[in-house]
Amino acid sequence: MSLLTRRRLLRRAALSATAAGAARTGLAGATAAGIATSTVALGGCDSPPERTTDPEPDRGLRFPDGFAWGAATSAYQIEGAAKEDGRGESVWDTFSHTPGRIRNGDTGDVAADHYHRYAQDLDLMRELGLRSYRFSISWPRIQADGAGRPNQRGLDFYRRLLDGLHERGIAPMATLFHWDLPQALQDAGGWENRDTAERFAEYADVVFRALGDRVPVWLTVNEPKTVVQNGYIWGHHAPGFQDEEAAYLVAHHLQLAHGLAVRALRASGVTGRIGPALNLHPCYPADDSAESATATRLYDGYENRLYLDSIFKGAYPQDVLDDLGPDSRMVRGVRDGDLKIISSPVDLLAVQYYTPIYVTADGGTVRKWPTSEAEWQQIYPEGMYDILTRVTRDYGRVPITITENGLPCPDVPGADGNVDDTGRVTFLRDHFAAAHRAIGDGVPLESYHVWSLLDNFEWAEGYEQRWGLVYVDYASQRRVLKRSAHWYRDVIRRNGL
């Protein structure tokens, strides 16, 4: 494949679940039956309600005993308190305060004010019946400059949060890095600097030793691909660069950071489980041509196998390395022993699924399905089944948790104060059904976390898009359970659809 084609492929690569203007990616092999089913099942947020007050029919789809239904958030998107209690500046503080970067000039300075309202939010989780809560720890809240002595006030906040979860019978799932790199480390080169991976391991060790007795599951790096694509190719996310050569060196250092954190957990003596959080999306040929199949294979390499193969097979995919070329910064940046560190054994894999990608013969992409408010998101629940079964088939029976899956809707309270997000109910129901079918076909899926618990700061989109089960009135910080939240509570209660 020519360099021009590869660049076109990368330029059209999907943005993350938080930026606008492009499509996402994934793996291989949709069926006509699956496509037909999806067309009937889904419509998006503007779909007419399938019912008004009648209860959701019981479909008889029960999940395994002990299946953990949950919801997910991330620190910068909900916490606020950006300058309180010793928190340092992150790259997202810098990026969001740079004019023209975020829609409407929004920032995460206050967000959903979770830092001050966490007890109220914990009560909402209990009201929903959540069994698991996936959240992230703010690195600059623990180490203001990304290194050195930890900030005790930051650790104390997360200790209070964890204690509150345990008191309410909700299992914590903590993510170490959800994109909020301390700005001081960015000033020293950020993820282009190999030393940042070492600093991450030191930070992870601090957190493990301080909070490890309270956290049963740790996730290392959230969506390294999104940092690579949105932060270093497109420039829509912090740090806002457009440098493909730097991007894939960053990919390697993020993977190295993951492996070093796994080793730090083992060395700390903490007994919690650990794994990566990867956004994976099925890539399908846009037509039946051999050229589309070839282009799709390489596309999948950049989108999925670059991260999966290194962690589970101890090697980067050769087709991607060949396409990058021997003189690329990434290829030259891999040192002896790096892949052994990256492939340190993990206990589980966190999968985040939002959309499929259809790849054309020239390495471009086309849309096959209706999109959500996030125009990059094609609504295709069959892709959930495809990605889960593909991971199990290609990488073995590693336990899987879904840590993000959701839909933005134009949620507005009605005259009665309720938020009727019927489209989100339809979306989640059909994705849950796809996950149930994957379990039946042998996928060791343990839990499912809806994105997101709360409406929040949605990265480049600011507060324009609402992804939450819970509506947040940002002016008053009032919380309202949406229709989808009430529906989800019923799903959790009966452990199925």
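Q: Why is L388 called buried?
A: L388 has a relative accessible area of 0%, and buried means under 20% (exposed is over 50%, partly exposed in between, with a 1.4 Å probe and protein chains only), so L388 counts as buried. Keep in mind that this is a predicted model, where local features need pLDDT of at least 70, side-chain atom pairs count only at pLDDT 80 or more, and totals for chains, interfaces and linings use all residues. Residues are numbered from 1 along each chain as its sequence is written, and side-chain values use heavy atoms, leaving out hydrogens and water.

Q: What does L388 touch, not counting residues up to four places away in sequence?
A: Contact means heavy atoms within 4.5 Å. L388 touches V351, I400, I402, A435, A438, V443 and L445 on that basis.

Q: What makes E79 and R141 a salt bridge?
A: The rule asks for a side-chain nitrogen of Lys or Arg within 4 Å of a carboxyl oxygen of Asp or Glu. For E79 and R141 the N to O distance is 2.9 Å, so the pair qualifies. The two residues sit 62 apart in the chain.

Q: Why is E79 called buried?
A: E79 comes in at 3% relative accessibility, so it counts as buried.

Technical notes
Helices (H or I, at least four residues) and strands (E, at least two) are DSSP runs, numbered from the N terminus.
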